[in-house]
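Take a moment to find your bearings first.

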Amino acid sequence: MNVHLESYLSGKTVEDLAESKRDFLEIGRRSGNYPMATARRDGTVSEVSVWCSNDYLGMGQNPQVIAAMHAAIDTHGVGSGGSRNIGGNNHYHVLLENELADLHGKESALLFTSGYTANDGSLSVLAGMPKDTIVFSDAKNHASIIDGLRHSGAKKHIFRHNDVAHLEELIAAAPADCPKLIVVETVYSMSGNIAPLAEIADIADKYGATTFIDEVHAVGMYGPQGAGIAAQEGIADRFTVVMGTLAKGYATVGGYIAGPAALVDAVRTYSRSFVFTTSLPPAIAAGALASVQYLRSSDVERKALSGNARLLHSLLVAADIPFISTDSHIVSAFVGDDDISKRASQMLFERHGIYVQSINAPSVPAGEEILRIAPSAVHNQNEVEDFARALSGIWNELNIPTASARDWFTSPLCGGSRTATKDGLLTQ
């Protein structure tokens, strides 16, 4: 059995596992009619409005993206035929990498088959190859970052979430002659809060550290042409390597890194998750290319997403519903109980035709369960208002503690100061 799985299952009974088992709702999104979808549960099909999709901008139904994919399938068929270095290197892969490098103002870019493998594969090389590298990783970093750093074998220090004073304390104590790598996300996937990038860049400059930023939940949605949070703050050039995904704002699948050519070439040569896997189908690369190009020229979707997120924030504040952050479009309503969170999700589905997923361990620490709500560019104002009313009614009916009852604004949860769960898979 996998050692990580053994650790997670340690001490758990069959009954424990049955209670924590995740049920996957079958969703059939309807192109041209997002956010509406058909949902299949227990043999019954119903219509739902989806409020937890990572297709934040609705690009999965964009006509230009669909047309690009159809054309590539007609020309090249449905698969790539191999890994990038053995028969699977299509011209669309090269065009997309060039486009992504240009988007981020970097020398080079490299595609992976997923965001997970991009983090895992690139960090295993970037942290592992320079001898005696010491890594400084945010406590809330994604599992793919954690795995990549584990696979690198590098020594690492975990600093408290978004706590730059703790980061500097750790990096100042490290040997001055050792290579240093700082790894953070820009928008955190569960809380929705944003890293203090300028302060992190200052620390990197002061101590001569290389930087790696994960912009997965930002590319397409923030910054000039959708280049991300660092670009939005005008400091993209202060970070060495940027990592992003094609599966969220760009609505296809795949991941990538962009950075100095020498570092990208090292990853291209030595990353196991790049070298030893079949490349993205040409149609996926073509669709992603069309999506990136479209969002470089259109702000309409970004403005719609931002407006809907701001509206939902204000409505939940008015309803006294605690949520973790107003920083971004990820609106994580804090429940703090697994059973109640699942019940709230079920009631939204059954009574209101609203699908929003309850999130439990190991995605978040036990006792910090949330409803991870994602208003999108394809929801309208009335739908946002209806959602807030539905959530407020269920919140009151289930007697979930309100923001006032939790003294929420002084809670350490709002600052994200807790570390990853000790009994889950995300422990660093």
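The expected span of a helix is 1.5 Å times one less than its number of residues. In this predicted model, helix α14 (residues 338–352) has 15 residues and covers 21 Å from its first C-alpha to its last, close to the 21 Å expected.

**Helix α14**
- After α14 comes Gly-353, which has a positive phi, near 65°.
- Buried in α14 are Asp-338, Ser-341, Ala-344, Ser-345, Met-347, Leu-348 and Phe-349.
- An α-helix has 3.6 residues a turn, so residues three or four places apart point the same way.
- The elements that the buried residues of α14 pack against include β2 (36–41), β3 (44–50) and α15 (381–397).

- Three strands make an open, antiparallel sheet in the order β11-β14-β13.
- β11 (331–334) and β13 are the edge strands, each with a single partner, so one side of each has no neighbour in the sheet.
- Four bridges join β11 and β14 in the antiparallel sense, and Ala-333 has Leu-371 in β14 as its bridge partner.
- α14 packs on this sheet, touching β13 and β14, and its direction makes about 45° with that of β14.

**Helix α5**
- Helix α5 (residues 115–126) has 12 residues and reaches 16 Å, close to the 16 Å expected.
- Of its 12 residues, 11 are buried, among them Gly-115, Asp-120 and Leu-126.
- Ser-114 caps the N-terminal end of α5, placing a side-chain oxygen 3.4 Å from the backbone nitrogen of Tyr-116.

Conventions. Residues are numbered from 1 along each chain as its sequence is written. This is a predicted model: local features need pLDDT of at least 70, side-chain atom pairs count only at pLDDT 80 or more; totals for chains, interfaces and linings use all residues. Side-chain values use heavy atoms; hydrogens and water are left out. Helices (H or I, at least four residues) and strands (E, at least two) are DSSP runs, numbered from the N terminus. Buried means under 20% relative accessible area, exposed over 50%, partly exposed in between (1.4 Å probe, protein chains only). A polar contact is a pair of N or O atoms within 3.5 Å; within protein, one must be able to donate a hydrogen and the other to accept it, and residues adjacent in sequence count only if both atoms are side-chain atoms. Contact means heavy atoms within 4.5 Å. Two strands pair if DSSP finds at least two bridges between them. Axes are lines fitted to C-alpha atoms, for helices over the stretch in contact, and angles run from 0 to 180 degrees between N-to-C directions.
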